[in-house]
Amino acid sequence: MLAYNSSRRKNKLLARRPFRFLASLGGVAVVTFVAHSVIPVNATTVGFAYLLLVLSIASTWGFFEAAVSSILATLVFNFFFLPPVGTFTIADPQNWVALFSFLATSLIASRLSAKAKARALEAVERQQDVERLYSFSRAILLIDRTAPFPQQVIERLAEIFKLNGAVLYELRTGEFYRTGTAMLEGVENQLREAPLSGSSFSEIQQHPILVGVRLGSEPLASMALGGAKMPGSVLQGIANLVAIGLERARAQELAQQIEAARQSEQLRTTLIDAMAHEFKTPLTLIKAATTSLLANPNEAMESRKDQLAIADEEAEHLKELIDDAIEMARLDTAHIDVHPEISNLQDTVQDVLASMQTDIDEHPVRVVCDNQLPKTAFDRRLIKLAIKQLLDNALKYSSSETPVEIGVHARDGMLAVEITDYGPGIAVEEQVRIFERFYRSPSIKNQMPGSGLGLSIAHRIVQSHNGELSVSSRPGRTTFRINLPVLKQEIA
């Protein structure tokens with residue numbers, strides 16, 4: 001069966017046939033001249049020379065040129081080498097036998113040689129078929145998610161198989177995906193019917209070739225391929241690879257949806273657990289204050305004011321916790337909306353310390369700030385949340401006897417906040433993963449409460465400000481560093 005370039009090769013052969021015909025005649029003339037005038041030899045030797053020439057022509061160019069050469073060689077063999085020489089008459093009947101034997105031998109040998117050549121070319125084409133199918137299978141495996149999978153499949157197919165144009169219709173989505181310059185208009189209805197027709201592909205001589213893509217008995221898609229002729233086996237191989245690729249892409253998409261749903265459920269559960277844990281302290285203090293006021297209505301005004309102040313302070317703390325929980329849920333599931341305003345980073349750090357006074361308790365916290373820090377634009381609410389997550393992490397993983405240090409510096413056109421604790425440190429292999437969503441170190445996962453969301457959210461907040469959050473750690477010391485860019489006009 002014809003391969004991709006069979007028609008093109010045939011056209012080239014037909015264009016070159018006059019030249020080859022003349023060259024074949026020239027070859028017979030050269031052998032005749034050499035044997036007759038230059039190196040006179042006997043008729044048997046001349047016959048073998050003609051036979052070798054014919055076989056060479058057959059193996060190089062094909063049967064037609066060899067057949068013409070055989071007939072011409074028979075005629076000149078008779079004219080120049082069989083008595084009576086110089087005429088086409090043969091005196092000895094044995095020479096008639098020799099002449100026809102030579103002609104039959106040369107024609108049969110030419111035919112066999114041409115067939116051997118055709119089979120060799122067919123084997124080369126089959127090898128090319130296999131290589132192209134292998135390349136296509138590798139291309140399918142390497143397709144990324146930067147563009148729709150069917151679009152990338154049809155582009156790779158056209159590139160590898162040298163198609164002028166191709167269209168893929170996906171039955172599940174009803175979408176058409178096109179590539180190439182060939183005009184393949186008006187095939188939409190045929191492509192819609194092809195997956196359901198039951199046939200793998202249309203007539204190979206049809207232009208364009210219509211290929212139904214099925215996985216087992218399930219129709220998945222159809223393709224229109226223009227600009228090349230392909231064997232049925234190759235078309236079937238392409239259809240099978242496309243079917244496997246589409247099914248694999250659908251399985252990956254389903255797995256991503258399942259993982260997203262699982263993480264969404266995990267996020268919901270984590271936030272509920274975190275809210276229940278965090279809300280207990282302010283609620284307990286508010287409840288204690290209100291219970292005391294209700295139980296002692298005649299209590300001294302000064303004491304009543306103190307308890308109301310505690311209740312008000314803890315109510316504000318509770319409001320901040322609720323806002324943070326809502327913010328964490330929103331940040332972890334949607335695009336971060338940043339509302340920057342010119343702010344002082346040192347004041348922002350002090351606000352965080354004030355809001356976490358209950359958590360800090362007696363844990364020593366030292367703050368070191370550069371003098372005359374430049375103001376810059378950032379979302380004060382989001383940066384507070386990011387610093388709070390890092391400070392809470394430092395307090396959680398260091399003992400109350402060791403200090404937590406906060407440094408605010410301006411260096412190299414950046415504003416930096418460094419939070420250092422003197423806890424056990426983070427293993428090198430874990431430092432590259434601690435900003436992943438829900439990741440928690442196996443060494444402390446069952447020993448320390450936490451959601452695995454705080455550092456991930458802090459990382460996203462800093463990135464949304466075109467900044468960088470990094471960590472450096474060794475046993476006994478860990479530093480998280482937030483780098484925020486300073487506006488150029490502020491640097492000046």
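This is a predicted model: local features need pLDDT of at least 70, side-chain atom pairs count only at pLDDT 80 or more; totals for chains, interfaces and linings use all residues.
I count a salt bridge where a side-chain nitrogen of Lys or Arg comes within 4 Å of a carboxyl oxygen of Asp or Glu. By this rule I get 8 salt bridges in the chain.

**Entry 1: the whole chain**

I began with the overall figures. The chain has 492 residues, and 41% of them are buried. I find 14 helices and 11 strands. I then looked at contacts with a sequence separation of 6 or more, and 67% of these join residues 24 or more positions apart.

I picked out Ile39 and asked where it lies. Ile39 sits in the loop that joins α1 (6-38) to α2 (43-60). Is Ile39 buried or exposed? The relative accessibility of Ile39 is 51%, and since exposed means over 50%, Ile39 counts as exposed.

**Entry 2: the sheet of four strands**

I turned to the open sheet of 4 strands and wrote down the order as β2-β1-β4-β3, with antiparallel pairing. Which strands stand at the edges? They are β2 (175-180) and β3 (209-215); each has a single partner strand, so one side of each has no neighbour in the sheet. From one strand to the next, the twist averages 15 degrees.

I followed the pairing of β1 (residues 165-170) with β2, which is antiparallel and runs over 6 bridges. Within it, Leu168 stands opposite Tyr177 of β2. Helix α5 (residues 149-160) packs on this sheet and touches β1, β2 and β4 (218-226). The direction of α5 makes about 30 degrees with that of β2. I also checked the hairpin of β1 and β2: there are 4 residues between the strands, and Gly174 takes a positive phi near 75 degrees.

**Entry 3: salt bridges, one by one**

A reminder for this page: side chains of opposite charge can pair when their charged atoms come close.

I started with Arg250 and Glu218, whose side chains meet in a salt bridge at 3.5 Å, N to O. Arg250 belongs to helix α7 (residues 232-295) and Glu218 to strand β4, so this pair ties together parts 32 residues apart in sequence. Both ends are partly exposed: Arg250 has a relative accessible area of 24%, and Glu218 has 35%. I also note that Glu218 and Arg250 are linked with Glu247 in a network of salt bridges.

Then I went to Asp351 and Arg380, where the N to O distance of the salt bridge is 2.4 Å. Which helices does this pair join? Asp351 is in α9 (residues 345-355) and Arg380 in α11 (residues 380-396), so the pair ties together parts 29 residues apart in sequence. I find Asp351 partly exposed at 29% relative accessible area, and Arg380 partly exposed at 23%.

The last pair I looked up was Arg411 with Glu418, a salt bridge whose closest N and O atoms are 4.0 Å apart. Arg411 is partly exposed, with 41% relative accessible area. Why does Glu418 count as buried? The relative accessibility of Glu418 is 19%, and buried means under 20%, so Glu418 counts as buried.

**Entry 4: the sheet of five strands**

I finished with the open sheet of 5 strands, in the order β6-β8-β9-β11-β10 and with mixed pairing. The edges belong to β6 (365-369) and β10 (468-474); each has a single partner strand, so one side of each is left without a neighbour in the sheet. The twist averages 15 degrees from one strand to the next.

Between β9 (residues 414-421) and β11 (residues 477-485) I find antiparallel pairing over 8 bridges. One position I noted is Ala416, whose bridge partner in β11 is Asn483. Helix α11 lies across β6, β8 (404-411), β9, β10 and β11, and runs at about 25 degrees to β9. Helix α13 (residues 454-464) also packs on the sheet, touching β10 and β11. The direction of α13 makes about 135 degrees with that of β10.

Key: Residues are numbered from 1 along each chain as its sequence is written. Side-chain values use heavy atoms; hydrogens and water are left out. Helices (H or I, at least four residues) and strands (E, at least two) are DSSP runs, numbered from the N terminus. Buried means under 20% relative accessible area, exposed over 50%, partly exposed in between (1.4 Å probe, protein chains only). Two strands pair if DSSP finds at least two bridges between them. Axes are lines fitted to C-alpha atoms, for helices over the stretch in contact, and angles run from 0 to 180 degrees between N-to-C directions. Contact means heavy atoms within 4.5 Å.
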